[in-house]
Amino acid sequence: MTEAVDPADEVVRVRVPAKINLSLRVGPVEDGYHRLATVFQAVSLYDDVTARWQREGETTVIIRGREAHLVGTDHTNLAWRAADLLRQRCGGDWGVALTIDKNIPVAGGMAGGSADAAGTLLACAVLWDLDLDPGELRELGAELGADVPFGLAGGTAIGTGRGDVLAPALTRGTSHWVLAMVGRGLSTPEVFRRFDERQPEPPEPEVSPELMAALSSRRPADLAAVLDNDLTEAACDLRPELAELLELAPRVGALRAVLSGSGPTVAFLVADEAAAVDVHLRLKAELGSEVECRRVHGPVPGARLLQTP
Ligand code: C5P
C-alpha cells in the first residue's frame, strides 16, 4: 500500500536561464511596441523557481538573492501574474507559494523577470498537474511579456514581432562570454523612447544573412564581427559610462562587446573558456567591485525541471 502524499509536501523546482541578444534590430512601432528582429541566446546564469502547494486560489512570492529588495512580490511581479493567468485559463482554484532564487540581474536587459514568469508557468503546470503542451505554455507566456516564450524555449532563437515569435537558429559549438552586470538597471521604455527621439523612422528590422552564417560557423571571430544592438546609442545617451564599458573589449582581451537588450548588461564575447578566465580577471581589475562580472556560456536549454513531486 502506498502512503497518500500530502499536497502541502509537494514541491516543484524549475531552473530558467537569462538571455542575451546577439543582435537586436529595432523597427517601427505597432500597437505601442517596436517591431524587432533579434537573435536570443540563453546563457548559463539562472534563476530557480520553487513552487509549493498552498491554500485555494492564493499566490505568494518570496524572492531571495542580492537584488531581492528591488523586486515586488505582489501582482507587479511577472511570476505572480504567470501563476494567476495559468489558474484563470485552466479554470481551477489551486494555490501556490513561489520562492524565487534570483541570480539574473533586475532590469539588466537579460529578461530576468520574464525568466521567472517562464519558470513559474512550467512549475505550476507540473504542480497543478495540468495537461498543457509546450506550445500552449509558450502562447500563455507571450501574453505575459515578449521575452517569456524564449525563457521557456532557450537555446539560440530568432525572435520577430515583439520578439515573441520564435524560430530556432542553427548554431554550432558553445560561445563563451563574460557579463558585466552594471548595478543600476535601465528602464526599457525609457531606452525605447530615446531610440525614437534619435531615429523617428527606423527601417523594417531584419536579421542579416551574415549573422545567420556566423551562428553556424564554429569561429567565435565570425560571431564577434556581426554582434550588434540598435539600442546601444540610446542606452549610452542615458548612461554615458556604458560607451566606455563597450570600448573596453580589446583592452581586456575580448573579441567584442555587445549591449544585451535595453541594457545595461554588457556581454563580452571571448575566444574560449581559457580566455574567459583571463578576460574575467581583467574586467574585474578595470571595473572594481561596483560592477559584478560573471563567466557564462551559451546556448543552454530553456526552463527545465530540477525537482518534481
Ligand atoms: O516588454 P516590456 O513590457 O518589458 O516592455 C516595456 C516597455 O518597453 C513597453 O511598454 C514599450 O514602451 C517598450 N518596448 C517597446 N518595444 C518593444 C519592447 C518594449 O517599445 N519591442
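What is the volume of the largest cavity? The largest cavity has a volume of about 30 Å³. This is a predicted model, in which local features need pLDDT of at least 70, side-chain atom pairs count only at pLDDT 80 or more, and totals for chains, interfaces and linings use all residues. Residues are numbered from 1 along each chain as its sequence is written, and side-chain values use heavy atoms, with hydrogens and water left out.

**Cavity**

- The search of the whole structure finds 1 cavity of 30 Å³ or more.
- On a 1 Å grid over the protein atoms alone, a cavity is a set of points where a 1.4 Å probe fits but cannot get out, a pocket is an open set with protein on both sides within 12 Å along at least five of seven lines, and lining residues have an atom within 4 Å of a point.
- Grid points are joined across faces, edges and corners, and a volume is the space filled by probe spheres set on the points.
- The largest cavity is lined by Pro17, Lys19, Met110, Ala111, Ser114, Ala115, Asp147, Phe150 and Gly151.
- Two or more of these lining residues come from each of β1 (11-30), α2 (112-127) and α4 (148-153), where helices (H or I, at least four residues) and strands (E, at least two) are DSSP runs numbered from the N terminus.
- By class, the cavity lining has 5 nonpolar, 2 polar and 2 charged residues; Ala, Val, Leu, Ile, Met, Phe, Trp, Tyr, Cys and Pro count as nonpolar, Asp, Glu, Lys and Arg as charged, and the others, Gly among them, as polar.

- The largest pocket holds about 1,200 Å³ of space.
- Its lining has 46 residues, of which Ser114, Asp147, Thr188, Pro189 and Ser262 are the closest to its centre.
- That lining divides into 19 nonpolar, 18 polar and 9 charged residues.
- The second largest pocket has a volume of about 280 Å³.
- Of the 13 residues lining the second largest pocket, Val182, Glu241, Leu245, Leu287 and Val291 are the closest to its centre.
- α9 (241-247) gives the largest share of this lining, 4 residues.

**Helix α11**

- The buried residues of α11 (273-287) are Ala275, Ala276, Val279, His280 and Leu283, buried meaning under 20% relative accessible area, exposed over 50% and partly exposed in between (1.4 Å probe, protein chains only).
- Seen down the axis of α11, these buried residues fall within an arc of 135°, so they line one face of the helix; the arc is that of the directions from the helix axis to the C-beta atoms.
- Ala274, Leu281 and Ala285 are exposed on the face turned away from the buried side.

Note on methods
Expected span 1.5 Å × (residues − 1).
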